[in-house]
Amino acid sequence: MSEDTEPVLLEPPVAGDETDTLIGSLERQRRTFAWKCAGLDAVGLGARLAPSTITLGGLLKHLALVEEDYFSRRLLDEEFGPPWNTVDWDADPDWEWHSAASDSPEELYALWAGAVARSRANLRKALADGGLDGLARHSWPDGRAPSLRRILVDLVEEYARHVGHADLIRESVDGRVGEDPPR
């Protein structure tokens, strides 16, 4: 699902520096998430476990939004592009979760893969501009700006939580289990 031409760390290094460890942790979560969602049709992407309304399709779209929000809007203070810039977030703050049911599997996979590719490119820019200590251009409501380090930690946490959801849902769809995708 990667559009990048640069090699991507498959997991954190055993004894690497802080940057490679954080990026490796995020990439491992992304890779596991991609594996949990891979190869499903609309029925599989729409499956849920009661009483939750979370679906793998919804997770794909939600994590695409999270990627865009953290690595484009927050980090670089860029405006949202399509489809996010056309949403009335006040009317439906959970739009990405609800609207995923109307998207084809191809649209959902492409949306997430495109967001990840842009995030990787923006991360490379931010690392070159200020490293992990570099501050995001978009500040929090209280005026503080998070460091790139904090953004990476937040993304690892976000993915880890949702990989757990994806693991349970995928097992219910076709029995796929496991901690790591095959290499």
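**Helix packing**

Helix 5 (residues 105–130) and helix 6 (residues 148–174) pack with their axes 12 Å apart and at an angle of about 155 degrees, where axes are lines fitted to C-alpha atoms over the stretch in contact and angles run from 0 to 180 degrees between N-to-C directions. That makes helix 5 roughly antiparallel to helix 6, a term for angles over 145 degrees. This is a predicted model, in which local features need pLDDT of at least 70 and side-chain atom pairs count only at pLDDT 80 or more, whereas totals for chains, interfaces and linings use all residues. Residues are numbered from 1 along each chain as its sequence is written, and side-chain values use heavy atoms, with hydrogens and water left out.

- Trp112, Val116, Leu123, Ala126 and Leu127 of helix 5 make the contact with Leu148, Leu152 and Tyr159 of helix 6, contact meaning heavy atoms within 4.5 Å.
- By class, this contact has 8 nonpolar, no polar and no charged residues.

**Aromatic pairs**

- The structure holds 4 aromatic pairs, counted when ring centres of Phe, Tyr and Trp (its six-membered ring) lie within 6.5 Å.
- One of them, formed by Phe33 and Tyr159, is edge-to-face, at 6.0 Å centre to centre and 75 degrees between the planes, the term applying to planes over 60 degrees apart.
- Because Phe33 lies in helix 1 (residues 18–37) and Tyr159 in helix 6, the pair ties together parts that are 126 residues apart in sequence.
- Both Phe33 and Tyr159 are buried, that is, under 20% relative accessible area with a 1.4 Å probe.
- Ring pairs link Phe33, Tyr159 and Trp112 into a cluster.

How values were computed: Helix = DSSP H or I, 4+ residues; strand = E, 2+ residues; numbered from the N terminus. Parallel < 35°, antiparallel > 145°, perpendicular 65-115°, else oblique. Nonpolar A, V, L, I, M, F, W, Y, C, P; charged D, E, K, R; others polar. Phe/Tyr/Trp six-rings, centres within 6.5 Å; stacked < 30°, edge-to-face > 60°. Buried < 20%, exposed > 50% of the residue type's maximum accessible area, 1.4 Å probe, protein only.
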